[in-house]
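Me: I would like to go through the pockets of this structure with you, and then look at one residue in its setting.

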Amino acid sequence: MASTGFFKPKIVVNGSGTDLEKYIHNFMRLVTCMLNESERLAFLIDQHIYPCQEVDVHFPDSMDQYLHAAATIKSDMHDAYQELCSSSNKRLPLTVEDSRLLAPVPHPSSLRDAYAFRQHVATSRRNRGLPMIPEFDEFPVFYFSNHRAICGPGPVACMPKHFDKLDFELEVAIVLHKQGKNIPASEADAYIAGYMIMNDISARTLQMEEMKLNLGPAKGKDFATVIGPCLVTTDELEQYRVDPPAGHVGATYDLAMSCSVNGTLVSSGNLRDMDWTFAEIIARVSYGVEVNPGDVIGSGTVGTGCFLELNGTGKLNDITYPEQWLQEGDHIQMEVTALGQLHNQIVAAKD
């Protein structure tokens, strides 16, 4: 696995020394990796991996433990992370190149995916000759996916039927670290532990067949959802914060998003174009039900962020447009500002 996409924390000075000091002491990048045949939580700094419990035995050793940890433990971890960032001794045996990274949240307590980008929804419907759904502007919608089929960087195994119009979906996901119910959107950002890149792998033929019955998506999306390469805590993103869309509330970030397949750029967008914020999605998700630490929620596909949309637009403009879908052996590289690069390769499942 190439080591690109792992980088030193970027410090941008936008104000007083006090503001900078607050920023420096409030960000982390966390990964889950396999060490001695065990899943371990670790700090990621540039290409160096520091198992959290080897930094301090009192630190959590798994992402689930971290998400449930007390605020004092998380604060201590932030301080330790910053001390490691400022240390000149980075010569450790553990690096990205000689470690196996898993999904940063390898065992979510639940997995939901939203539908927050109007451009993707409107364009996909237009390409099928359908008008825009007016209900899109009334509330954020989401579906449940398989939280036991989470993948991280590396190979993604697909069955034969999955290869019938196999697709990527370029997204960003959050994970929660607080329990709550009926959460107002104005308070919901405090429930977010951090952000990750997400690739909602989709088998389009299976998806379209089952959705004719007005249920799903299910089998078209339940076999692989990729998140990674690391969890970036929310304070890391403050330098990218912008105003939310008019009439909406919640943290909004100017983060460029892109996807390349086999080295060719196929998709680009920006997280700031979410028409529903994650805060508003959390408010909808938590209506009448508990949300919990470890719950993962995807943004939905950014505009131009999948072959389904790209192929539809191409054929609308030129009936001879050659459709493109993911094939065995394809390499997918997703990149999001501040969140790094997520690399995957499509492989055929052995059984």
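**Pockets and a buried residue**

Me: How do the residues lining the largest pocket divide into nonpolar, polar and charged?
Reply: The model is a predicted one, and its largest pocket holds about 750 Å³ of space. Of the 30 residues that line this pocket, those closest to its centre are Y115, V141, Q207, M211 and P217. Sorted by class, the lining of the largest pocket comes to 14 nonpolar, six polar and ten charged residues.

Me: Which element gives the largest share of the lining of the largest pocket?
Reply: The elements that give two or more residues to this lining are β5 (110-114), α5 (118-127), β6 (142-144) and α7 (204-211). The largest share is four residues, and the element that supplies them is α7.

Me: Which residues lie closest to the centre of the second largest pocket?
Reply: The second largest pocket has about 400 Å³ of space, and its lining is made up of twelve nonpolar, seven polar and four charged residues. Strands β4 (100-101), β7 (150-151), β8 (154-158) and β22 (340-348) each supply at least two residues of that lining. Among the 23 lining residues, the closest to the centre are R100, L101, L102, G152 and P153.

Me: Is N199 buried or exposed?
Reply: N199 sits in strand β12, residues 192-200, and, leaving aside residues up to four places away in sequence, it touches F168, E169, T225, V226, I332 and M334. A polar atom of the N199 side chain lies 3.0 Å from the backbone nitrogen of E169. Because the relative accessible area of N199 is 0% and the cut-off is under 20%, N199 counts as buried.

Note on methods:
Residues numbered from 1 in each chain as written. Predicted model: local features only at pLDDT ≥ 70, side-chain atom pairs only at ≥ 80, totals over all residues. Heavy atoms only, no water. 1 Å grid on protein atoms, 1.4 Å probe; cavity = no way out; pocket = protein on both sides within 12 Å on 5 of 7 lines; lining within 4 Å. Points joined across faces, edges and corners; volume = space filled by probe spheres on them. Nonpolar A, V, L, I, M, F, W, Y, C, P; charged D, E, K, R; others polar. Buried < 20%, exposed > 50% of the residue type's maximum accessible area, 1.4 Å probe, protein only. Polar contact = N/O pair within 3.5 Å; in protein donor to acceptor, adjacent residues only side chain to side chain. Contact = heavy atoms within 4.5 Å.
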